[in-house]
Structure formats: C-alpha cells, structure tokens
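Here are a few notes to go through with the model open beside you. Take them one point at a time.

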Amino acid sequence: MPMRKNTISELKHHLSTDSIVSILGHKNPDGDALGSTLGLSLFLKTLGITSQVIMPNTFPEFLKWLPAVDSVWCFDSDQEKCEEQLKNSDIVFTLDFNSLNRTGDLGAFLATLDTRYVMIDHHQEPSDYADFMLVDTSIASTCELVHEYIVTQYPEAKLSEDIATCLYTGIMTDTGSFRFPSTTSKTHRIIADLIDAGADNSQIHQNTFDNNAVSRLNLLGRALQNLKVIEDLSTAYIYLSQDELNTYGFKKGDTEGFVNYALSLKGIKFAVIFIENKADQIIKISFRSIGDFDVNTFARTHYHGGGHKNAAGGKSDLDLSSTLAEFENTLNTYKERLT
Ligand code: 5GP
Ligand code: MN
C-alpha cells in the first residue's frame, strides 16, 4: 500500500551544499541497496552536495564493479570513522530498509542520533523513525523510488551514465532481471530512461551475473544435492552447513539466487534456503514464494525477519539440524495455505 508521509518535497529546504549527508543501506547489502545508495550519492554530487555512503558490513564480490563502489565505508571494518560521520550528519538517508535493526550492530547507535532521517524504501510495515518518507511497498525496488525522487524533485536534472548504471543494477537485481510480478510497464519505462542516460544493459548483466568463480558453481552443485522437496506442501528447501561453505571457499554473495532453483521446481509455491553462519551463531534464512503465500508474514512470525510478500529473510538461533526439524514442524501448520 502506498505511503508517503511528510512528503519528500519538504526535504529540499533542509538540503544544501553545506549539509553533511550520509546515505545508509541495510546489512548484507544487495544490488538494490548498493545501487540506490551509490546512485543517490552520485546524484547529490551533481547538485554540489557531498555525501558519504555507509554500509553496515561488506558487500558481495559480484557488485564490486559498480561505479564509485570504492568510496563506500563499511561500519564493521571502520566503526569509529562511520560513527563520527553519522554523528556529524544533518541528514541521514536510509535506503532499501525500513527499521533501524536492519543495520545489525549499527542499529542501536543510529537510535541515539539526533539527526534528520529520510526513508526511501519499498518493504512492508515501515517503522516510524524517519522525518521524511518516500515509501511505496508496491514498487519493485528502491532504485525506482530514487529515480522517482530525482525526476520529481529535480525535473531539470540530467542523469549521468554512472547514476543510470547504479539505478539499473538495483532494479535488475530486485526484479529478478525483470521477471517478478512487481515488474510493471513503469519499471520498463524507467529502465528505458536509464538506458537512454547511458546504462549499458548488456554489460551490466554480464558484470553482475557472468563473473562466477568455479568454486561458486561447485557450491551451487553441493546446494542442489541438499535440496529437499516436500511435495504435499508445495515446498522445497536447500541448506548449506558452515563446513560445506568452507569446503567451497564461500565468499559473501556466493549463495545469491540459489533459493530460486528450489522455487523453479514444477508445482512448488514456497522455497527456502538455510545457510549456517558459525561466526554469528545463526542460520540465515531466505524465503521465496510464488502467488498468494505471504513470506513476509511467515518470516516475521517465526524467524525475526521480514521483507516482501514473495521474498523475505530471517534467522534462526538453533543449530542447523534443529532449525530444519523445527521448520518442517512449523510448515505442517500451514497445510491449508500451501495446498
Ligand atoms: P534475501 O533473502 O535476498 O536476503 O532478502 C529478501 C528480502 O527480504 C529483501 O528485501 C531483504 O531486504 C529482506 N530481508 C532479508 N533478511 C531480512 C531480515 O533478517 N529481516 C528483515 N526485516 N528483512 C530481511
Ligand atoms: Mn530492495
């Protein structure tokens, strides 16, 4: 449902070339988080406004080619520098998330800041920390909302090739390369705009998807062997233990998209991947669905998570085998909604 509190147009009165501006994405940033933050930062630069992009933790290898990606600061490796910047900020944009706890360890610090927060986001059930909001849960990606922000607030603005490249990437990754139901004709019109502005669509796809290491494909092979199908509940899940991840030299981002293989099975409406993370002592979980089954609610109810109706995430504090057993038990209570 569209929600546009404290319209973002008022933000203009608080933004000037003297402003100290930070732009934050969520923990484990994906293409939309990086594309939207970098795209916005590059755009503000064209207005003479300097901003600093900060991520809670490092980003995946397959996004390291993005324009200006080297300018990003990561809170987990540069805590003091990031805290100093945030403390001094007049404006903090929070992009592609809607609750401060989505920034992990940074969340508690953010809650103490006396700054103006701006939320540009498309996730369900936003919390109310922001002074300015551009929130629309019907839109496929935050990058589309950043594009909307730019073209509505600065109609004279010209998008550079780098800005267009960043925004294209986030739209591409969050729409599953323009195939999820949230992809609309408007999405394609924005994409057309971005290509006209210089985004090289074919090159962007290649940079993002055709840079696999052999170890990643071998890890995918392992994951597919760990595929379990529960036919009578139209569900399929995959799991990867920490030992398996180690065997294949796992790096952040390597499991991106694996869950979609489970979802691609004929007749499957609900797909899940469980990834053991021994360092954080959690099992990170990704949920995907096709059709009416609401994985945002499922993730919120059972796994301290959230997201969208058809794509959400969460975590379990149990060990891997207990998590899987507990998941199967929980799943049985959803029989009516899954058959
Ligand atoms: P993914 O499964 O690709 O990590 O995430 C799918 C969607 O769910 C994304 O929109 C992501 O931002 C959101 N998401 C992933 N993990 C969590 C989580 O732990 N909590 C919440 N609230 N959302 C999450
Ligand atoms: Mn997103």
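Are D32 and D174 buried or exposed?

1. Both of them, D32 and D174, are buried. Buried means under 20% relative accessible area, exposed over 50%, and partly exposed in between, with a 1.4 Å probe and protein chains only.

2. Before going on, some ground rules: this is a predicted model, where local features need pLDDT of at least 70, side-chain atom pairs count only at pLDDT 80 or more, and totals for chains, interfaces and linings use all residues. Residues are numbered from 1 along each chain as its sequence is written, chains are lettered from A and ligands numbered from 1 in the order in which they are written, and side-chain values use heavy atoms, leaving out hydrogens and water.

3. Now the metal. The manganese ion (ligand 2) is held by D32 (OD), D96 (OD), H122 (NE2) and D174 (OD), at 2.2 to 2.3 Å. Donors here are N, O and S atoms within 2.8 Å of the metal (3.2 Å for Na, K and Ca); water is not among the atoms, so sites may look incomplete. D32 sits in helix α1 (residues 31-46) and D174 in helix α5 (residues 161-174), so this pair ties together parts that are 142 residues apart in sequence.

4. On to ligand 1. It has 13 residues around it, and the closest are R102, H123, K284, S286 and R288; a residue counts if one of its heavy atoms lies within 4 Å. One oxygen atom of ligand 1 is 2.6 Å from a side-chain N or O atom of S286, and an oxygen atom of ligand 1 is 2.8 Å from one in the side chain of R288.

How values were computed: A polar contact is a pair of N or O atoms within 3.5 Å; within protein, one must be able to donate a hydrogen and the other to accept it, and residues adjacent in sequence count only if both atoms are side-chain atoms. Helices (H or I, at least four residues) and strands (E, at least two) are DSSP runs, numbered from the N terminus.
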